[in-house]
Amino acid sequence: MKTYEYDQSAAWFQRAAKVIPCGVYGHFSPAPCVPITHYPFYTARAEGSKFWDVDGNEFIDYMCAYGPMILGYRNPIVDEAFQAQLKVADTSSTASPVMVELAEFMVDLIPVADWAFFAKNGADITNYAVTVARAATGRRKVIAVADEYHGSSPWMQEAGHHGVMDADHVDVIRVPWNDATALEQAFARHEGQVAAFIATPYHTPVFTDNALPAEGYWAQAEAVVRKNGAVLIVDDVRCGFRIDMGGSNEYFGFKPDLICFCKTIANGYPISALVGTDALRTDCAKVFHTGSFWFAAGCMAAALACMKEMKRIDAPKLTMEKGQKLVDGLVDIAKGHGYNLKVTGAPSMPYLRTTDDESLMFHQKLCGESTRRGAFFSSHHNWFLSCAHTDHDIQRTWDIFEDAFKAVLR
Ligand SMILES: Cc1ncc(COP(=O)(O)O)c(C=O)c1O
């Protein structure tokens with residue numbers, strides 16, 4: 001099987017390094033792409049389940065832009081809704097009616113939602129949710145889960161990261177995932193001071209197995225939060241609409257006060273949303289939170305079209321099924337070579353790790369060899385399935401994985 005060369009990616013990266021600090025920053029940074037020579041850095045074109053890099057190499061994309069792509073790149077329904085709105089108005093001096101229609105749709109779709117509020121990125125919304133909780137309770141502290149990501153604001157990053165000060169973490173208490181006793185103890189240690197518990201529906205750390213909620217965890221956690229008069233925030237930025245169209249909490253059987261959505265809601269157009277219960281409506285109205293482009297109507301039209309389409313085709317069910325089929329085949333291929341490929345998390349966004357090598361080096365090589373044959377795999381982060389992945393894509397991916405395995409073992 002042909003392996004890819006990345007001369008143009010490398011040339012663009014050299015140009016970038018002169019004018020952009022570290023060339024490509026944040027979650028698209030090449031740093032975790034190991035071996036670095038096996039990955040592309042720049043996309044020239046994307047369509048359906050695939051993208052083509054600046055060297056013309058074709059990839060079946062299992063990162064889906066790190067989540068946003070759910071219906072396939074350049075989905076015509078979403079793109080037409082976006083274009084049609086652009087023709088009449090996008091960013092202008094007042095809000096657009098499509099914002100009201102979008103909020104109405106989300107309130108109908110999501111059982112917890114009595115209202116919706118829109119911004120651009122996930123961190124806009126997780127920050128806003130915490131501010132609303134502080135306004136509602138008059139308390140400062142926030143409990144979050146250790147190693148869970150809610151965005152790149154300093155309080156959300158890990159202690160010790162560049163530019164993150166101890167003061168940024170004074171009001172943030174981290175507790176282990178799936179440990180309702182630790183949560184209860186944290187509330188007790190800071191009695192009367194905790195505004196909110198913020199958590200993802202299940203645990204999605206990087207470089208580590210993902211973990212679904214243990215039996216009874218969410219019921220216990222919800223009860224602890226309620227007993228302490230705090231606000232329960234679900235960060236559904238990553239899982240949203242790959243698990244349940246009503247919010248991932250519906251699947252896991254609990255009711256938060258606020259839910260943060262972002263990635264999938266407009267199939268890649270930049271928009272995020274906070275939905276919440278009536279009890280927090282007034283506090284939400286009183287908190288000032290806004291941005292230059294937060295009222296851009298094109299993205300709202302795209303989000304409305306995307307959510308209607310995800311609902312029509314049952315995107316969570318589809319992506320779960322496709323993910324299960326994909327990983328079952330990959331696990332069998334690994335087994336055929338005498339290796340154990342461990343799959344954790346939801347099948348629609350699985351985290352995979354070859355358990356035979358704790359250092360991850362074998363797994364990194366395997367993902368790198370797969371990528372340079374056309375199946376874009378991350379070795380440190382959960383993958384994402386889309387509704388556009390076909391049986392043909394999956395079969396091709398298995399063939400690539402088989403060949404990659406042979407190359408690593410050679
Ligand atoms: C669970 C979760 N919350 C929040 C965020 C932050 O979203 P954004 O990068 O759009 O600010 C992310 C991003 O990956 C995420 O996965």
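This is a predicted model: local features need pLDDT of at least 70, side-chain atom pairs count only at pLDDT 80 or more; totals for chains, interfaces and linings use all residues.
User: Starting with H2, how many residues does it have, and what does it reach from first C-alpha to last?

Analyst: H2 covers residues 76-88, which is 13 residues. From its first C-alpha to its last it reaches 19 Å, close to the 18 Å expected at 1.5 Å a residue.

User: Which residues in H2 are buried?

Analyst: Val78, Ala81, Phe82 and Gln85. Looking down the axis of H2, the buried residues fall within an arc of 95 degrees, so they line one face of the helix.

User: What do they pack against?

Analyst: The buried residues of H2 pack against helix H3 (97-109) and helix H9 (297-313).

User: And which residues are exposed on the other side of H2?

Analyst: Glu80 and Lys87 are exposed there.

User: What does Asn75 do at the start of H2?

Analyst: A side-chain oxygen of Asn75 comes to within 3.0 Å of the backbone nitrogen of Ile77.

User: Switching to salt bridges. How many are there?

Analyst: The count comes to 20 salt bridges.

User: Take Asp171. What is its partner?

Analyst: Asp171 forms a salt bridge with Arg140, and the closest N and O atoms are 2.9 Å apart. Asp171 sits in the loop between strand E5 (141-145) and strand E6 (172-175), while Arg140 sits in the loop between helix H4 (122-137) and E5, so the pair ties together parts that are 31 residues apart in sequence.

User: Is that pair buried or exposed?

Analyst: Asp171 is buried, at a relative accessible area of 17%. Arg140 counts as partly exposed, at 49% relative accessibility.

User: What about Glu184, which residue does it form a salt bridge with?

Analyst: Glu184 pairs with Lys227, with the closest N and O atoms 2.9 Å apart. This one links distant parts of the chain: Glu184 is in helix H5 (residues 180-189) and Lys227 in helix H6 (residues 217-227), 43 residues apart.

User: How accessible are Glu184 and Lys227?

Analyst: Glu184 is partly exposed, with a relative accessible area of 35%. Lys227 counts as exposed, at 61% relative accessibility.

User: Next, Arg372. Which side chain does it meet in a salt bridge?

Analyst: The side chain of Glu369, at 3.0 Å from N to O. Arg372 and Glu369 are both buried.

User: Last one. Which residues are linked in a network of salt bridges?

Analyst: Asp209, Lys342, Arg353 and Glu358 are linked in such a network.

Notes
Residues are numbered from 1 along each chain as its sequence is written. Side-chain values use heavy atoms; hydrogens and water are left out. Helices (H or I, at least four residues) and strands (E, at least two) are DSSP runs, numbered from the N terminus. The expected span of a helix is 1.5 Å times one less than its number of residues. Buried means under 20% relative accessible area, exposed over 50%, partly exposed in between (1.4 Å probe, protein chains only). The arc is that of the directions from the helix axis to the C-beta atoms. Contact means heavy atoms within 4.5 Å. A polar contact is a pair of N or O atoms within 3.5 Å; within protein, one must be able to donate a hydrogen and the other to accept it, and residues adjacent in sequence count only if both atoms are side-chain atoms. A salt bridge is a side-chain nitrogen of Lys or Arg within 4 Å of a carboxyl oxygen of Asp or Glu.
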